[in-house]
Amino acid sequence: MYTFSNKLKTFSIALIIIGLLGVGYGFMTSHKSFEEVETILAEEASHHGGHGEEAAHGEHAAETAHQDGAHEVVDAHKEHVEHVQHQMANRPWAALYVGAFFFFMIALGVLAFYAIQWASQAGWSPVLFRVMEAITAYVLPGGLIVLAIALASGTIGHYNLFIWMNPDVVAHDKLIQGKAGWLNIGMFALRGLIFIAGWALYRHFSRKFSLAQDNAEDDKNFKKSFRWAAAFLVFYIYSESMMSWDWIMSVDPHWFSTLFGWYVFASMFVSGITVIALITMYLKSKGLMEFVNDSHLHDLAKFMFAISIFWTYLWFSQFMLIWYSNIPEEVTYFITRINDYKLPFFGMLALNFIFPLLILMNSDYKRIPWFIVMAGVVILFGHYLDVFNMIMPATVGDRWFIGVPEIGAILLFAGLFMLVTFTALSKAPLLAKRNPFIKESENFHY
């Protein structure tokens with residue numbers, strides 16, 4: 001039985017508090033006056049011709065008012081400054097949303113992996129079930145937090161994440177008007193609640209049957225778990241795709257990709273498997289889970305390697321087809337990211353593909369705990385950048401930076417994730433002792 005130590009609990013609470021302070025600081029410093037933004041743009045233009053070259057003329061607008069077309073210049077300047085002002089105000093919202101979604105997607109990826117183990121009746125993995133069940137405890141609070149931030153940004157905030165929530169934008173945008181039957185706040189909220197309810201219900205009943213099986217004298221609960229897992233995976237395939245359209249892709253309502261649901265799935269799947277490996281190795285370092293051997297770690301590392309390659313396949317398929325076809329309304333998605341997000345865009349590709357390929361290809365390295373930890377940390381950072389690249393360009397434009405708001409959001413949700421996960425871990429024995437495959441799993445060697 002695992003005991004959630006006071007030291008780790010205090011550490012997770014400290015992360016939450018520090019994260020809240022960082023997020024709060026981000027919100028307090030994000031609202032710049034018109035004059036402050038004007039000054040920032042002028043300084044950028046004078047130093048390196050940066051983000052707003054046309055804004056450099058702002059200080060001289062009054063002097064040139066007598067010239068032909070001066071009013072148009074002043075209007076364009078004002079519109080540009082207000083646009084940048086709004087992007088700066090969006091940054092803490094976007095940072096909070098990226099952090100919230102990243103940790104939520106880890107839990108949802110683990111839930112899918114857990115259901116696959118039950119549906120496939122895998123014999124190697126039952127010794128890891130309690131770790132998976134603990135991580136999936138975050139699905140309900142994590143999903144509600146992501147949905148709450150999304151809705152709050154369009155109600156409490158000033159349409160800081162989803163421009164289709166802004167009626168003024170919709171009134172002048174025929175393309176968004178054509179999607180209004182799907183992209184409206186009411187249906188967005190309803191779909192989100194249905195998704196979360198479905199995921200949370202499966203997690204609740206699968207956990208219930210798993211614990212009941214420990215003290216059962218037959219395999220009825222095992223059979224129920226199998227049936228629920230098979231049914232859930234059908235629901236998951238549809239709900240995860242629609243969730244990715246709603247919660248991620250609709251920040252760019254003019255752009256879409258038919259591969260996007262699979263792409264997000266690959267990211268959450270490899271991130272979830274990575275966290276399973278990291279928590280398992282943490283518990284083994286504490287002298288727990290002695291029934292987990294290097295063959296189990298090897299299989300987890302194989303999944304980390306394989307899904308990293310799968311993610312790269314999807315990334316390249318999406319990128320190559322859009323880039324090669326060169327359709328303006330599609331290719332602008334990547335042009336924006338390559339021009340304004342060069343470091344995180346290509347850095348993400350290196351961290352999520354090149355690094356796992358080189359490090360985890362060797363079979364022997366997959367059995368070395370510190371090697372898996374190193375690869376896991378890099379993979380998680382790479383997929384945080386993946387979510388960052390999906391959200392930030394549409395919300396903050398070229399005003400991005402990984403600073404106090406972003407780090408604060410990571411610490412906040414990392415602390416909350418740890419608190420929920422390790423609390424759930426302490427509620428049940430670490431071994432699912434009456435699972436029909438538990439002996440096969442304990443004796444798993446190759």
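This briefing covers the salt bridges of the structure and the surroundings of one threonine. The model is predicted, so local features need pLDDT of at least 70 and side-chain atom pairs count only at pLDDT 80 or more, while totals for chains, interfaces and linings use all residues. Residues are numbered from 1 along each chain as its sequence is written, and side-chain values use heavy atoms, with hydrogens and water left out. The whole structure holds twelve salt bridges (a side-chain nitrogen of Lys or Arg within 4 Å of a carboxyl oxygen of Asp or Glu).

**Salt bridges**

- Arg 130 and Asp 214 form a salt bridge at 3.1 Å, N to O, which links helix 4 (residues 129-136) to helix 8 (residues 185-214) across 84 residues.
- Arg 130, at 2% relative accessibility, is buried (under 20% relative accessible area, with a 1.4 Å probe and protein chains only), and Asp 214 is buried at 8%.
- Arg 130 and Asp 214 also belong to a salt-bridge network with Glu 133 and Arg 207.
- Asp 246 pairs with Arg 191 at 2.7 Å, N to O; Asp 246 lies in helix 9 (residues 220-247) and Arg 191 in helix 8, so parts 55 residues apart in sequence are tied together.
- Asp 246 is buried at 0% relative accessibility, and Arg 191 is buried at 7%.

**Thr 312**

- Thr 312 lies in helix 11 (residues 294-325) and is buried, with a relative accessible area of 11%.
- The Thr 312 side chain reaches the backbone oxygen of Ser 308 at 2.8 Å.
- Beyond its neighbours within four places in sequence, Thr 312 is in contact (heavy atoms within 4.5 Å) with Asn 352 and Phe 353.

Notes
Helices (H or I, at least four residues) and strands (E, at least two) are DSSP runs, numbered from the N terminus. Buried means under 20% relative accessible area, exposed over 50%, partly exposed in between (1.4 Å probe, protein chains only). A polar contact is a pair of N or O atoms within 3.5 Å; within protein, one must be able to donate a hydrogen and the other to accept it, and residues adjacent in sequence count only if both atoms are side-chain atoms.
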